[in-house]
Amino acid sequence: MKVTLDGVPVMNGAGTVNAEALNASKAVVSLNGEKSAPRQRVTRTLNVSVIGTGYVGLVTGAILADQGSNVICVDNNPAKLEVIERGESPIYEPGLDKIIQSALRAGRLKTSGDLAAAVENSDVVYIAVGTPPSADGTPDLTAVIQVVNQIAPAIKKHITLVTKSTVPVGTGDLIENTLQDLGVDPNLVDVVSNPEFLREGSAVYDTFNPDRIVVGVNRPGAEIKLLELYGRYGCPILVTNRTSAELIKYASNSFLAVKISFINAISRICEQSGADVAEVAKGMGLDSRIGKQFLNAGLGWGGSCFPKDVQGLLKCAETTGYDFTMLKSAEDINNDQTSHFMSRLRDQLGTFEGKTIALLGLAFKPNTDDIRDAKALEIIDLLKAGGAKIRAYDPVAMPNMMEVHPDIEYKSGGQETVEGADAVILVTEWEEFKWLDFDLTASTMKGDLLFDGRRAFRREDVEKSGLRYFTIGV
Ligand code: UGA
């Protein structure tokens, strides 16, 4: 193993570095299990630009600044930058505003609309712009390529150009070729894949507590600056080739989606057999090879990542000539899960026509205002098609839903939402819904049906009040 002058180990090909060890004065670096001699502490302060201030970009930029780097967050939306400059977060993400404020106070976080100027002064440039799915399911790389075109003339000294957005396998090569076509000296740029694994709603926690960091490089040593930036995290850093890193992201998200679909398929067997999916999941999850996470049966997966990334991996498989039937099945199970749940509700009500249905939660999961591919959207479509009247409440996602469905009756709290309803559906398991007063609910509702789409309530608590309780997988 080679070591740079800074004392940073350089991986020859794939290897794993213990990051905590990397930055500690008594550093012990393990490569395939081998221990090396102590290394010097890395002290250099890096200048970083993060292009795109969405969930991934803003969290990355704010936390890198908080941790000591000089960061410029770049966006073409001046309104967003103004919000950040005020010390606020333009997205709902617990804890993020505090990190932004402390990084601003320390003078290490700046914002700018001037991409070229930011890049000229940077050692590391993150691309964190959106890659929404295009009509055929492949991620749309328009914004990424636009950024590459804009930064090319500004590359005057070496930069590490990092793809943080989820990009299809082969995007690193595409960026490298585009830069070459634009006349950029290949010695001045290392294009590196560094996929993000944070979850919305716990993005700050996840960034500070990663399970692993993946760095994909096509040239030995191209990972150095990222190892310096991430050295303080006590988790394994996998340095691998760029294509593998790109695929790790898709494979990880798709695997988690398959895991949820698997337990949701089991939930269907439970509903017919007398088993309880929560107990089955508990019993499975105690096997450390399986693990208990992402085994919560419910309405299924949504959000801006799983649906898009499953589609993306299916497309990637197709281009390699592989028919990924297992992943397609996971998608089918997910697409069917909500309509199956809603058909059980329709069976109980007889019809949706004229019924008042209360929705508790609209976001695709708790602690976010994101409604992209939220199960609430499917539920609302089914209820509207059936002629139901809908009233809804979500602690933070209502403004987003109002833009899509302005004709729904929005309420200001869970208890108020259930009043006069024929049925209540728990769509998103926000913590505050756990405090719903079931006796009050039973006395103020018109009907008596509580449909729990997330296994958030305890049957005995609900049924004590006289309400009838229905949930997934039992
Ligand atoms: C997901 C991944 O978990 C992150 O690692 C990844 O970085 C991110 O996508 C991304 O690619 O940006 P996220 O979409 O924020 O994160 O949310 P998750 O917490 O993974 O939940 C996704 C969906 O699965 C939600 O609809 C959630 O309700 C559902 N889910 C999750 C279940 O139905 N059951 C479970 O047991 C877990």
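**Entry 1: strand β9 and its partners**

I began with strand β6 (residues 47-51), which is joined to β9 by 4 bridges and runs parallel to β9; I take two strands as paired if DSSP finds at least two bridges between them. Helices (H or I, at least four residues) and strands (E, at least two) are DSSP runs that I number from the N terminus. I note that this is a predicted model, in which local features need pLDDT of at least 70 and side-chain atom pairs count only at pLDDT 80 or more, while totals for chains, interfaces and linings use all residues. Residues are numbered from 1 along each chain as its sequence is written, and side-chain values use heavy atoms, with hydrogens and water left out.

On the β10 side, β9 pairs with strand β10 (residues 159-163) in the parallel sense over 4 bridges, and here Ile127 stands opposite Thr163. Which way do the side chains of β9 (residues 124-127) point? I see Val124 and Tyr126 pointing one way and Val125 and Ile127 the other way, and all are buried, where buried means under 20% relative accessible area, exposed over 50%, and partly exposed in between (1.4 Å probe, protein chains only). In a regular strand the side chains alternate between the two faces of the sheet.

**Entry 2: the open sheet and the helices on it**

I then traced an open sheet of 6 strands, which has the order β16-β15-β14-β17-β18-β19 with parallel pairing. The edges are held by β16 (409-410) and β19 (468-471), each with a single partner strand, so one side of each is left without a neighbour in the sheet. Within this sheet I looked up the pairing of strand β14 (residues 356-360) with strand β17 (residues 423-426), which run parallel and are joined by 4 bridges; the bridge partner of Ala358 in β17 is Val424.

Helix α13 packs on the sheet and touches β14, β17, β18 (449-452) and β19, with a direction that makes about 170 degrees with that of β18. Contact here means heavy atoms within 4.5 Å, and axes are lines fitted to C-alpha atoms, for helices over the stretch in contact, with angles from 0 to 180 degrees between N-to-C directions. Helix α14 (residues 375-385) also packs on the sheet, touching β14, β15 (389-393) and β17, and its direction makes about 175 degrees with that of β14.

How do α10 and α13 pack? I find helix α10 (residues 242-273) and helix α13 (residues 325-349) at an angle of about 45 degrees, with their axes 9 Å apart. The two are therefore oblique to each other, on a scale where angles under 35 degrees count as roughly parallel, over 145 as roughly antiparallel, 65 to 115 as roughly perpendicular and the rest as oblique. The contact includes Ser254, Val258 and Ser261 of α10, and Ala330, Ile333 and Asn334 of α13.

**Entry 3: single residues in loops**

Phi of Phe294 is near 60 degrees; Phe294 lies in the loop between α11 (277-285) and α12 (306-319) and is partly exposed, with a relative accessible area of 25%. Phi of Asn367 is near 65 degrees; Asn367 lies in the loop between β14 and α14 and is partly exposed, at a relative accessible area of 34%.

Is Asp422 buried or exposed? I find Asp422 in the loop between α16 (414-418) and β17, and buried, with a relative accessible area of 10%. Leaving out residues up to four places away in sequence, Asp422 touches Leu349, Lys355, Thr356, Met445, Lys446, Gly447, Asp448 and Leu449.
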